Amino acid sequence: MCGIVGYIGHRPAYEILIKGLHRLEYRGYDSAGVAMVGDKGDLNIYKTRGKVEDLERFCHAKDLDGNIGIAHTRWATHGEPNDVNAHPHLSHSGKLALVHNGTIENYNILKEALEQQGCKFKSDTDTEVLVQLIEYIKTTNNCTLIEAVREALKEVIGAYAIAVIDTNEPDTVIAARKSSPLVIGIGEDETFLASDATPIVDYTDKVVYLNDDEIAIIRRGEPLKIITTDNESAEIDIQTLKLSVSQLEKGGFPHFMLKEIYEQPRTIRDCVRGRIGNSGGKVTLSGVIEHSDKFLNAKRIIIVACGTSWHAGLIGKRLIEEATRIPVEVAYASEFRYSNPIVTPDDIVIAISQSGETADTLAAIQLAKEKGAFVYGVCNVVGSSIARATDSGTYIHVGPEIGVASTKAFTGQVTVLIMLAMAIAQIRKTMPKEEITKVAGYLRRLPDLIKQTLKLNDKIEHLSSIYTYVHNFLYLGRGYNYPSALEGALKLKEISYIHAEGYPAAEMKHGPIALIDRELPTVVIAPTDELHEKIISNIQQIKARGGSVIAVVTKGDTSIAEIADHTIEIPDVPECVSPVIVSIPLQLLAYHIAVKKGCNVDMPRNLAKSVTVE
Ligand code: M6R
């Protein structure tokens, strides 16, 4: 949530900052702002409510010079999204400017203390407190910017990634992090910083991921220096980015979401590459092999995640329990962290996160580690905070996901969880080799099966025009596809603002059936499996009450076609693989309805891609 960018070097900062903000806009788009130290040593600061393109319009014909600057795109936490609350925030004297991602929990106490010292506040944000505090310390202690930042951070409780500039030290940017991500890009006589590597990749592939409680001192013409908040010098670990600019562009698609839906044959191929043998059924996950004793002796697995990743976790529970007979619990990370959970060193905690930055999931990991559990990560973003905080893990390798609605990350997560279940089963010898070989065969075929399923796009687009203006939707599924129903409903509601609920199909009769009428369409996920007959009864119950049914069925299933209003035929796959295939039409349905409604599918209201606050 919130994206920050910074630059110091020889190029005009403004262009780099704006381009960087566009890349980070997925993190929040309530307001945006830039501050540059101009060539005359003055501060040029521009900020406005709205998206980065609004900021660009606002900056038109303004003084934009300077080759040092910071910028911000906001997801509002404290204070409504307006011009005043937009970042950067200025200190009392107007000489310091600061951008911040995170939340300062004790900002009220600090604010009161500063007000008693005569500080005047303009905004309702927690961030302004920090910049005022830094200036107050700098003036009172008569110290340098870096000393003032370090002292100020000792007073702060909360999460932050910050970048600060000061017209008194016009060749310096100070950046710091605690629980919010920050990456520094090292170029030739220039340095970049950003909430993730996407604004940096155009200029350099050499990056340093700042750790918690570290402060970066970036000075023009000097090598990067990192110290801790305790003033100890920290190691600089320069890593090479494996990210290309083309991965960050729409590539001819109208939206990132559609591009990412269509990328899935390739992303799943990348996800399984090197992990499933070309023939035969061996699944090789190095993270499991390196810690085979943990998986051999585990008494229980607890999966922690949020949102779509939590839905993948529900599928993972079923997969792992079936394949390994280890009991698995799935917890919302946000609940787990405050539930005084029973976790022992015999437990494995699996944390699932696309971004690898979700604050609740990170906190759940810390708690699990304190209680002695072995923590395994399933992440997408390489080098992310969660990937680094876990003891081991498997990357899903689906490439950058920019659309706020998770699509290819979900199918990647489920694919990794299928492989994880097989890999653990191999160690524990809980699944016949032939069965593993059969599932592995389907994993190899998944990219082609997804390609076939994507051919449904035109039919689904047509279907979406029938349901564009309904107010509610019900999604039903059973077994492996109950979580698919939850995920289908989440996709629709987050991008089209249509209320949608996912339910286990058989639970419908215990309450939701009361909602059924002509106005309420139901998506029933009904591939041919052992509960097929039961789900047909559920469809009949809906039809008997005048509801309309869109059924996702296995190709050739005529029994449901006779009773449902519309059928969407997917390829025939085993149950445990079906959530990957089922999710494709559900993603397309949500996408087309949202587009027809005129919604901004890549940047739905109130949402951000990476939820780095509680
Ligand atoms: O990056 P994470 O996977 O940890 O994110 C978790 C959720 O915030 C995320 O899945 C969210 O629910 C998406 N908007 C769903 O499309």
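## Domains around the ligand

At least three residues of the shell around the ligand come from each of domain 2 (250-453) and domain 3 (457-596), with bounds taken from an automatic or database domain assignment. The model is predicted, so local features need pLDDT of at least 70 and side-chain atom pairs count only at pLDDT 80 or more, while totals for chains, interfaces and linings use all residues. Residues are numbered from 1 along each chain as its sequence is written, and side-chain values use heavy atoms, without hydrogens and water.

## Shell and contacts

The ligand has 15 residues around it, of which Ser309, Ser353, Ser355, Thr358 and Glu494 come nearest; a residue is near if one of its heavy atoms lies within 4 Å. The shell divides into five nonpolar, eight polar and two charged residues. In this grouping Ala, Val, Leu, Ile, Met, Phe, Trp, Tyr, Cys and Pro are nonpolar, Asp, Glu, Lys and Arg are charged, and the others, Gly among them, are polar.

A polar side-chain atom of Ser309 lies 2.6 Å from a ligand oxygen atom, and a polar side-chain atom of Ser353 also lies 2.6 Å from an oxygen atom of the ligand. At Ser406 a polar backbone atom is 2.8 Å from a ligand oxygen atom. A polar contact here is a pair of N or O atoms within 3.5 Å. Of the 420 Å² of accessible area that the ligand has on its own, the protein covers 91% (Shrake-Rupley method, 1.4 Å probe).

## Backbone geometry

His87 and Pro88 are joined by a cis peptide bond with omega about 0°. Asn142, a residue other than glycine, has a positive phi near 50°. Most residues other than glycine have a negative phi, and most peptide bonds are trans.

Definitions and conventions. Polar contact = N/O pair within 3.5 Å; in protein donor to acceptor, adjacent residues only side chain to side chain.
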